[in-house]
Amino acid sequence: METIGAMMDIKAIIDKYKNREISVEENTKNILEKIKNDDTNAYITFDEEDSLKRAKLLDEKLASGAELGSLFGIAVAVKDNISYKNMNMTCASKMLENFRPMFDAKVVENLLAEDAIIIAKTNMDEFAMGGRGKTSYFGPVKNPVDKTRLTGGSSSGSAAAVAKEDVLIALGTDTGGSVRCPASYCNILGYKPTYSMVSRNGVVSMANTLDQVSVFGKNVADIRTIAQVIEGPDEHDMTVRLDDYKYEMDTYDFKGKKIAYIPSDDEMHMDIDSTVEKDYNSALDELKKLGADLSPINLKYSKYANPVYNVVMSSEVSSNMSRFDGIRFGYQSDKYTSVDELFINSRSEGLGEEVQRRIALGTMYLSADDNQRVYRQGLKLRTLIKQELEEVFKTYDLIITPTVTNLPPSLDDDYQDPLSDFKSDGFNVIVNLSGMCGLSVPVRKGISGSVQFIANANEDSKLLNAGEEFLRRLNEN
């Protein structure tokens, strides 16, 4: 039987299965071969036996004439902080190097219910803390577009898996750009849904009020299909929406649409790479050709997004990471003479430098010695950023920004500034701080800048429709 590569689309592959042009088992073998021969360090775990067993069962299901799921036979790569009980979940940390979860995350349950195959767990920044794809205990991930560069983080392996066409679609998590940043660096699409759209049950928390399971793909149709599968209520997640969201596909006509942009002389463009700025301006020119009514806006509070994100995220990290102490969870040091020494050594040996740094920062921000003054101020500014963006959407249909302000760093970039990871993600973090939705769209092929479309909360259908039309028009040129 014929085997196929990943880069068709979900519908076309399922049609080939139905027409008996290919089998699920043979195609799964083909994808597993790509994973075994991976030279970017995109994967932490895969289970050939598990994947092929499921593929055979799906072929039998097809032969029986049973109703097929919307992701029938589609291989999905999943970031290694999302629980799948048939594979280890390490969070790319020594702390959880051999941890096997006891249940599936809600998003994985949903994928399996629609006949998908969880093909691999992907590499990531340790506990999702990093913006470059370089803090993993298992080593950095090389960018498939240029292997001398990094993929960006923290969902580095999932981005690489899609960019190098091993899989059609992959899941990551986005706390402050952790899907949109690597999507931009790897020249693919990255969609961060509205906060509460997707259950976080079974996903290891980094920052509860910011985290959102998000999606990588190479076309909007596939992203829409998988988004429809993973969204929805979950009795085990009190932050998720109580009703289903319907992703409506519709033609988005830019003509006459009021779209806000942040001009180049704005403080948020500070230190932006000249190539990224040029690509951003070319995207604005394309929107004008499409008839969009573009207007510059000045965001009074959003320019403080990076420090606000640092405070809120680090504070929530400090709380969430307390369970990884060598007693309740994770690696346990064998070098101790007291309980205090056991805690200290287990965490010092089991957690990387970046994770330790963020725990320390968050613990300081939450200190009772000054009545949590910095954390409280951060929450106030977060509210002002959210209100500011909500006010923009009373007038404008969408906001367009650069996705990140830089190009992917070199693989051997030994940066000295520990806060530099935050600097490029200012346009991303406003989306997480406000709970809205964002889509990173490449402007051209190769190492280049991308643009981000931002829509108001729960306007995800409009966001994807706009991104799809914009991408279609770019590809026509």
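## Briefing: salt bridges, helix packing and backbone features

The side chains of Lys29 and Glu25 form a salt bridge, with 3.8 Å from N to O. The model is predicted. In the whole structure, a search finds 31 salt bridges. Side chains of opposite charge can pair when their charged atoms come close.

**Salt bridges**

- Lys29 and Glu25 both sit in helix α2, residues 24–36. They are 4 residues apart, about one turn of the helix.
- Lys29 counts as partly exposed, because its relative accessibility is 34%, between the limits of 20% for buried and 50% for exposed.
- Arg241 and Asp243 also meet through their side chains, in a salt bridge of 3.1 Å, N to O. Arg241 is buried at 16% relative accessibility. Asp243 is partly exposed at 42%.
- Lys303 pairs with Glu267 in a salt bridge of 3.8 Å, N to O. This pair links distant parts of the chain, 36 residues apart. Lys303 lies in the loop between β10 (293–296) and α9 (305–320). Glu267 lies in the loop between β9 (258–261) and α8 (274–289).
- Both partners count as partly exposed: Lys303 has 34% relative accessibility, and Glu267 has 44%.
- A network of salt bridges links Glu353, Glu354, Arg357 and Arg358.

**Helix packing**

- Two packed helices are described by the angle between their axes and the distance between the axes.
- Helix α12 (residues 373–392) packs with helix α14 (residues 426–434) at about 95°, and the axes are 9 Å apart. Therefore α12 is roughly perpendicular to α14.
- From α12, the residues in contact are Arg382, Ile385, Lys386 and Leu389. They meet Ile430, Asn432, Leu433 and Ser434 of α14.

**Backbone features**

- A cis peptide bond joins Gly153 and Ser154, with omega about 10°. Ser154 is in the loop between β5 (146–150) and α5 (156–163).
- Ala128 is not a glycine, yet its phi is positive, about 65°. Ala128 lies in the loop between β3 (117–122) and β4 (142–143). Ala128 counts as buried, because its relative accessibility is 5%.
- Asn187 has a positive phi too, near 65°. Asn187 lies in the loop between α6 (180–185) and β7 (189–192). With a relative accessible area of 16%, Asn187 is buried.

**Surface patch**

- Ile327, Val339, Phe343 and Ile344 make a nonpolar surface patch of about 370 Å².
- Val339 belongs to helix α10, residues 339–350. Val339 is exposed, because its relative accessible area is 56%.

Note on methods:
Residues are numbered from 1 along each chain as its sequence is written. This is a predicted model: local features need pLDDT of at least 70, side-chain atom pairs count only at pLDDT 80 or more; totals for chains, interfaces and linings use all residues. Side-chain values use heavy atoms; hydrogens and water are left out. Patches are made of residues with over 30% relative accessible area and no salt bridge: like charges are joined within 9 Å, nonpolar side chains (Val, Leu, Ile, Met, Phe, Trp, Tyr) within 5 Å. Accessible areas come from the Shrake-Rupley method with a 1.4 Å probe; for residues, only the protein chains shown count as cover. A salt bridge is a side-chain nitrogen of Lys or Arg within 4 Å of a carboxyl oxygen of Asp or Glu. Helices (H or I, at least four residues) and strands (E, at least two) are DSSP runs, numbered from the N terminus. Buried means under 20% relative accessible area, exposed over 50%, partly exposed in between (1.4 Å probe, protein chains only). Axes are lines fitted to C-alpha atoms, for helices over the stretch in contact, and angles run from 0 to 180 degrees between N-to-C directions. Angles under 35 degrees count as roughly parallel, over 145 as roughly antiparallel, 65 to 115 as roughly perpendicular and the rest as oblique. Contact means heavy atoms within 4.5 Å.
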